[in-house]
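Trainee: I have a model open and some questions about it. Can we go through them one at a time?

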Amino acid sequence: PTGASPGSGALNPFDRRLKRKQKNWAALQAEPAKCDYLREEVRGSGRPGGITSSAATFPLALDVGSGRGYIAQHLTKETVEKLVQVDIAENALKNATESEIPTVRVVADEEFLPFKEDTFDLVVSSLSLHWVNDLPKVFREIHQVLKPDGVFIGAMFGGDTLYELRCSLQLAELEREGGFSPHVSPFTAVADLGHLLSRAGFNTLTVDTDEIQVNYPGLFEVMEDLQGKYILCMGESNCSWNRKPLLHRETMLAAAAIYQEMYGNSDGSVPATFQIYYMIGWKYHESQAKPAQRGSATVSFGDLAKIEGLLKKGKK
C-alpha cells in the first residue's frame, strides 16, 4: 500500500501516491547538488552523522527513505559492510549516486518495510520521515527489523520548519480571502518524538533539535528557492490532502509585506528557518547497561553545586 483514500485524510494527512509521483519527478531533475546544502548541514552537525566517524563496524545497514543515496556518499566500507537503500520512488533509486559499499536498492514505502525481524545492525534515515502518515508504525517497523543491540539514527524536519512563511501566508489569506489552507505540510512536535520512540521499543534514547536559518531578499525569493531547490530536487512539494493548489497574486503581495514586517532582518533580508530533529535509539539487548534501581542513588541533586570540589578531591 502506498497511500490512503481522500476520505481518510483525517487519519492519513498525506497523499502517499502523490508523494511518490513528486519524488519520482524530482529525481529526474538536473543539478541535484543545488539542494544539498540542507542535507550537508544535517550530516555536518555531528549528531546523526557520528556514524561516519564511528569506530564500530556494521555488517548490514538500512537507509530508510534514501532518495538518491546521499547518506551512502558519506559512509565507508570500514563503517558499513553492506547497505540496503529503500525509497518509495523508483527513479530516485535508479539515479542514486554510486558508493564504494556493496548496495542493494529496494522500492518500498517507509510505512511498510519488507524485511524480516532482526535483520539489520543499523538503520538510518535523513529528512524523509516527515511525509509518513503513521510515524509510530514506522518507528515500530524500524525497531522490528533491527537486531538486538542495533541502533537507529535519524533526522527529520521539525514543527517550526518554515514557520515564518506559514504564518505570513496564513495571515495574508485571512485578510484577503477570509480563510486559509495549508501551503506547507504539518510537522511533528519534538515533545512527541521521545515518547513515540520509547513506545516503539527503543531505549537509551537521545533526541535533540537544531535550526538551520537561510536568509533571502524577500518572500518571493524564498518561494523561488523552495521551488527550485528544496522542492524540485528533494521532492518536497506539499502532498497534504487539504492542500490549496494556488495563491492569488494579491495574497502573495500581502504575504510578502507581512513577512518583511514581522520577520525582516535589519539589512532588509528575511529568514527562512528549517528545524531539524535528531534521534538515536537502541534495540534492547541483555548486554546493554541497565539503569540503576529507583531509590539506589547515593548523590542528591543538592550535591551538584559541590561537583567541582568533589572532582578535585577525587583527583587528590
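Mentor: Start with the surface. This is a predicted model, and its surface carries a nonpolar patch formed by L171, L174 and M262.

Trainee: How much accessible area do L171, L174 and M262 have together?

Mentor: The three side chains belong to one nonpolar patch on the surface. Their accessible area is taken together, and the value is about 250 Å².

Trainee: Is M262 buried, partly exposed or exposed?

Mentor: M262 sits in helix α8, residues 249-263. Its relative accessible area is 43%. Buried needs under 20% and exposed needs over 50%. M262 therefore counts as partly exposed.

Trainee: At what angle do the axes of α5 and α8 cross?

Mentor: Helix α5 spans residues 163-177. The axes of α5 and α8 come within 8 Å. They cross at roughly 130 degrees.

Trainee: Which word describes how α5 and α8 lie to each other?

Mentor: The crossing angle is roughly 130 degrees. Roughly perpendicular ends at 115 and roughly antiparallel needs over 145. The angle falls between those limits, so α5 and α8 are oblique.

Trainee: Is the crossing of α5 and α8 left-handed or right-handed?

Mentor: Angle and distance alone leave that open. The crossing of α5 and α8 is right-handed.

Trainee: How far apart are the axes of α4 and α6?

Mentor: Helix α4 covers residues 135-145, and helix α6 covers residues 190-200. They pack at an angle of about 45 degrees. Their axes are 8 Å apart.

Trainee: Now the charged pairs. How many salt bridges does the structure hold?

Mentor: We will take some of them in turn. The count for the structure is five.

Trainee: Which residue forms a salt bridge with K283?

Mentor: The closest N and O atoms of the pair are 2.7 Å apart. The cut-off for a salt bridge is 4 Å. The partner of K283 is D118.

Trainee: How many residues apart are K283 and D118?

Mentor: K283 lies in strand β7, residues 270-283. D118 lies in the loop between β3 (103-107) and β4 (120-126). The pair links distant parts of the chain, and the separation is 165 residues.

Trainee: How far apart are N and O in the salt bridge of R105 and E98?

Mentor: R105 is partly exposed at 31% relative accessibility. E98 is exposed at 64%. Their side chains meet in a salt bridge, N to O, at 4.0 Å.

Trainee: Is E175 buried or exposed?

Mentor: E175 forms a salt bridge with R176, with closest N and O atoms 3.1 Å apart. R176 is partly exposed at 45% relative accessibility. E175 has a relative accessible area of 53%, and the limit is over 50%, so E175 is exposed.

Trainee: On to the backbone. What is the phi of D149?

Mentor: Most residues other than glycine have a negative phi. D149 is in strand β5, residues 146-157, and is partly exposed at 34%. It is not a glycine, yet its phi is positive, about 75 degrees.

Trainee: Is L162 buried or exposed?

Mentor: L162 also has a positive phi, about 55 degrees, although it is not a glycine. Its place is in the loop between β5 and α5. At 3% relative accessibility, L162 counts as buried.

Trainee: What distance separates the C-alpha atoms of I101 and T76?

Mentor: I101 is in the loop between α3 (90-94) and β3. I101 is buried, with a relative accessible area of 2%. I101 and T76 are 25 residues apart along the chain, and their C-alpha atoms are separated by 6.6 Å.

Terms used
Residues numbered from 1 in each chain as written. Predicted model: local features only at pLDDT ≥ 70, side-chain atom pairs only at ≥ 80, totals over all residues. Heavy atoms only, no water. Buried < 20%, exposed > 50% of the residue type's maximum accessible area, 1.4 Å probe, protein only. Helix = DSSP H or I, 4+ residues; strand = E, 2+ residues; numbered from the N terminus. Patch = residues over 30% accessible without salt bridge, like charges linked within 9 Å, V, L, I, M, F, W, Y side chains within 5 Å. Areas by Shrake-Rupley, 256 points an atom, 1.4 Å probe, with all protein chains shown as cover. Axes fitted to C-alpha atoms, helices over the stretch in contact; angles between N-to-C directions. Parallel < 35°, antiparallel > 145°, perpendicular 65-115°, else oblique. Left-handed = near helix turned anticlockwise from the far one by under 90°.
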